[in-house]
Amino acid sequence: MLTLSNFRCERCGDCCRYLTVKLSKEDISAIKEKGFEEGFFVVFDDFIKSEVLKRDDKGCVFFDGGSCCKIYDFRPTVCKRYPFVEYDKVESCKPKLMKKSRDQ
Ligand code: SF4
Ligand code: SF4
């Protein structure tokens, strides 16, 4: 079980590659202040009824395809909290394993 005290990110990049990131108005403003056009990184997701980060063939538009975030210092709140976005303890931070445990 992962907790805030024992979690260490291995920088595999899979969360940036596979997950949808919800954006708050504050997240959008903070990224725009750094010079990015809203149309470049924001899209409305009809399923979750929220603005989310756009994705391309690598995953998140700000993901470099390896292990780095191009906007790390001003990344969205969900990214800063991940993998403890909804809970203080999680089984895994790996999107594929999270899906597997939900499917079981
Ligand atoms: S999936 Fe987990 S280990 Fe991989 S980059 Fe994301 S938080 Fe780090
Ligand atoms: S903004 Fe950065 S940390 Fe968040 S999903 Fe995109 S690449 Fe990953």
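This is a predicted model: local features need pLDDT of at least 70, side-chain atom pairs count only at pLDDT 80 or more; totals for chains, interfaces and linings use all residues.

**The chain as a whole**

- The chain holds 5 helices and 6 strands, and read along the sequence these elements follow the pattern β-α-α-α-β-β-β-β-α-β-α.
- The radius of gyration of the chain is 14 Å, close to the 13 Å that the globule rule gives for 104 residues, so the chain is as compact as a globular protein of that length.
- Along its principal axes, the C-alpha trace of the chain spans about 40 × 30 × 25 Å.
- Of the 104 residues in the chain, 15% count as buried.
- When contacts between residues at least 6 apart in sequence are considered, 61% of them join residues at least 24 apart.

**Surroundings of the two ligands**

- Around ligand 1 stand Cys-9, Glu-10, Arg-11, Cys-12, Gly-13, Asp-14, Cys-15, Tyr-82, Pro-83, Cys-93 and Lys-94, and by class this shell has 6 nonpolar, 1 polar and 4 charged residues.
- Arg-11, one of the residues around ligand 1, has a phi near 55 degrees, which is a positive value in a residue other than glycine.
- Most residues other than glycine have a negative phi, and most peptide bonds are trans.

**The nonpolar core**

- The largest nonpolar core has 13 residues, of which Val-21, Leu-53 and Cys-60 touch the most other members.
- Helix H1 (14–18) and strand E3 (50–53) each supply at least two residues of this core.
- Leaving aside residues up to four places away in sequence, Val-21 touches Val-52, Leu-53, Cys-60, Pro-76, Val-78 and Cys-79.

- Strand E2 (residues 42–45) is joined to E3 by 4 bridges, and the two strands run antiparallel.
- Within this pairing, Val-42 stands opposite Leu-53 in E3, while Val-43 stands opposite Val-52 in E3.
- In a regular strand the side chains alternate between the two faces of the sheet.
- The two strands E2 and E3 form a hairpin with 4 residues between them, and in this turn Lys-49 has a positive phi of about 55 degrees.
- Lys-49 counts as exposed because it has 8 C-beta neighbours inside 10 Å, and the limit for an exposed residue is 12 or fewer.

- Where is the place of Ile-28? Ile-28 is in helix H2 (residues 25–33).
- Ile-28 is partly exposed because 17 other C-beta atoms lie within 10 Å, a count in between the 12 or fewer of an exposed residue and the 20 or more of a buried one.
- Not counting residues up to four places away in sequence, Ile-28 touches Leu-23, Glu-38, Val-42 and Glu-51.
- Ile-28 and Tyr-18 are 10 residues apart in sequence, and from C-alpha to C-alpha they are 20 Å apart in space.
- Tyr-87 and Thr-3, by contrast, are 84 residues apart in sequence and 9.2 Å apart in space, again taken from C-alpha to C-alpha.
- Tyr-87 has its place in the loop between helix H4 (77–81) and strand E6 (89–90), and Tyr-87 counts as exposed because it has 10 C-beta neighbours inside 10 Å.

Key. Residues are numbered from 1 along each chain as its sequence is written. Chains are lettered from A and ligands numbered from 1 in the order in which they are written. A residue is near a molecule or strand if its C-beta atom, placed from the backbone, lies within 6 Å of it. Ala, Val, Leu, Ile, Met, Phe, Trp, Tyr, Cys and Pro count as nonpolar, Asp, Glu, Lys and Arg as charged, and the others, Gly among them, as polar. A nonpolar core is a set of buried Ala, Val, Leu, Ile, Met, Phe, Trp, Tyr and Cys residues joined through C-beta atoms within 7 Å. Two residues are in contact if their C-beta atoms, placed from the backbone, lie within 7 Å. Two strands pair if DSSP finds at least two bridges between them. The radius of gyration is taken over C-alpha atoms; the globule rule is 2.2 Å times the number of residues to the power 0.38.
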